[in-house]
Amino acid sequence: MKHVDEYRDGDLARAIAQRIAAEAQSDRQYRFMEFCGGHTHAISRYGIEDLLPENIRLIHGPGCPVCVLPMGRIDDAIRLAAREEVTLCTYADLMRVPASGGSSLMKAKADGADIRMVYSTLDAIAIAEKEPQRQVVFFAIGFETTTPPTALAIRLAQKKGLTNFSIFCNHVLTPAAMQAILDTDDGVEIEGFVGPAHVSTVIGSAPYRRFSTDYRKPVVIAGFEPLDVLQAILMLVRQINEGRCEIENQYRRAVTESGNAKAIDEVAEIFELREAFEWRGLGEIPHSALKLREAYAEFDAERRFPVATKPARDNPACECGAILRGQKRPQDCKLFGVACTPETPMGSCMVSSEGSCAAYWAYGRFRQYQNETRKAS
Amino acid sequence: MNKHEPAGRKLDLRNGRVELSHGSGGRAMARLIGEIFHAAFDNEWLAAGNDQAAFDIPAGRMAMTTDGYVVSPLFFPGGDIGKLAVHGTINDIAMAGARPLHMSASFIIEEGFPLAELKLIAESMGEASRAAGVAIVTGDTKVVERGKADGVFISTSCVGIIPAGLALSGDKARPGDVVLLSGSIGDHGVAVMSKRENLSFDTEVLSDTAALHELVAAMVETAGGAIRLMRDPTRGGVAATLNEIAHQSRVGVRIDEKAIPIAPQVAAACELLGLDPLHVANEGKLLAVVAHEAADALLATMRAHPLGAQAARIGEIVADEHCFVQMTTAFGGGRIIDWLSGEQLPRIC
């Protein structure tokens, strides 16, 4: 596959891994947080940790929109879908996310709610057009990458004069969450960030500047391919060794400093900041999420239908919160692989394809035993 | 099924549709069976017109299997539900190392289904069964109200004879055994997905649907005693099958990503759809776990057969109390190959 294989080349990987091993100073710990679930996934899927020296530790960040969505919002979606007139359209990732009382969208669907899995916002628009008697609600979720497609859907619905289309908006912002991680005084040492890939194609590299100026943390924006991640790690190691804390861009083939102006403008036109939004694991974060502007209120499911998010509590034994903050690793959770598996998830980190528990379960859980064996021998 | 020609007009095979009466046991049903199924399947057992087929069997052990087919869409690049219903069930018999003998076919048809499409499907089944040398000797037809099924569902069963001395089973893999794969992975799943509503994309990928019993027969002839087990990695793909083997045999499996054949178009489609090709369904491939010393000979036999031309040695069985299937990635790291979680794509076969 052209434009893909060259970023997964095993020989190049070995070469970069050798450089990292040569340059990482053995008396030093390097703790880097990869913010995005996409990076976590690449790290696990390609076994990148096997190529790194032991003093480089990767801490999985909260960059998985499904994982950081509080359970109360899934409950809201289920209540919306339970309405006789509503067809709820959602990305498949959300279907198995645990809701209150052991429910999920999947279970609500089996109970008769009209919930349909779609691949894009345009599918939801098509359903609204085809079935004018249904109130089609799109479960909008995601970081800055998925907000422009939602904006496009709103634009399209407006143009087509659709009165039966609305969105349940859960779009959240990356820099706000990175800042919250750094502001939390919880003892997690992070020396630098592997910065978001797709998000940065939209917002550019400029919004991360404060992490270098105010927090003195290097950020290397990296693509989601495994060689991207390895190269970003090498760049972070060099910054640390040289005492630099800059915003560097490894993902130059897609990310510019100012981002995608058209997408940014369109999002700004349709959405505005929420005062605050609750993040699973991170709590209330000010100015960390978006809602529809007044001018687009007619497309807002939260205004069209009575949605009053009730606080919902995760299973008390579930460690997703600490895992999302980087304080714990999936294998540190007592539920991991015992009560909580992808088939019987207790927390959304085990369900979402970008969740660190899911990545660890699907690709990396043999390491747990490898380490045990190592310790034993 | 009944061979006797009923009175009245012939079916309108161009524009006609299946009606409830076509399943009600009357003349209309006899017409449907005669003009579509008997015509397409055409064999002496069916022509006898009895409620069952009677035939002699050679001495030895028999294998029997059954499978339901609900694939959507009914017609996809490289095949259709009919072909799949013949090949898939034959393959389940073949994976015991058995020679398939005869099969049955049962149809649940939705009222309003175009007769022309039913005829195409039946003809495709007839063609597939003749090519495989496995006659469809008995069957059944039911029609359900519109909306109670989706076009047509097919269930087929097959019996076969296991050669003397052969006892393949999923619990027989042992550390040191070799894992062979008969060809490229993911073709069927990608071909079907490419025609799905909301997902359709242009691709030249064809389903790999094929009957594998002749390939199996060649392998059995080469070194039947060295074959521990065979499986066709259908739903859940190679990943699910290897996990089944690991758990049944209480062993681990180690495979090498670079050794797994995959067509570039399939890899590209999976990349685009975010799928792991190891989870994508195949309908004409087999995995064999074989004794180390016979692996080369068996691989050569597979490669000499058209359905095994791309066969590869993809890994080995290891001792592992956790029954992990592990892979060395082309990138150089290690990872687990897990079962597919949830539903990748309903109604793939």
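Domain bounds here come from an automatic or database domain assignment. The model is predicted.

Chain A is divided into two parts: domain 1, built from residues 67-172 together with 289-304, and domain 2, residues 320-362. The centres of these two domains of chain A, taken over C-alpha atoms, are 25 Å apart. At their boundary, seven residues of domain 1 of chain A are in contact with eleven residues of domain 2 of chain A. The side contributed by domain 1 of chain A holds five nonpolar residues and two charged ones.

The contact involves 18 residues of domain 1 of chain B and 24 residues of domain 2 of chain B.

Two elements of chain B each supply at least two residues to the side of domain 1 that touches domain 2: helix 3 (81-94) and strand 4 (99-110). Helix 3 of chain B gives the most to this side, with seven residues. By class, the side of domain 1 of chain B that faces this contact with domain 2 has ten nonpolar residues, six polar residues and two charged residues.

How values were computed: Residues are numbered from 1 along each chain as its sequence is written. Chains are lettered from A and ligands numbered from 1 in the order in which they are written. This is a predicted model: local features need pLDDT of at least 70, side-chain atom pairs count only at pLDDT 80 or more; totals for chains, interfaces and linings use all residues. Two residues are in contact if their C-beta atoms, placed from the backbone, lie within 7 Å. Ala, Val, Leu, Ile, Met, Phe, Trp, Tyr, Cys and Pro count as nonpolar, Asp, Glu, Lys and Arg as charged, and the others, Gly among them, as polar. Helices (H or I, at least four residues) and strands (E, at least two) are DSSP runs, numbered from the N terminus.
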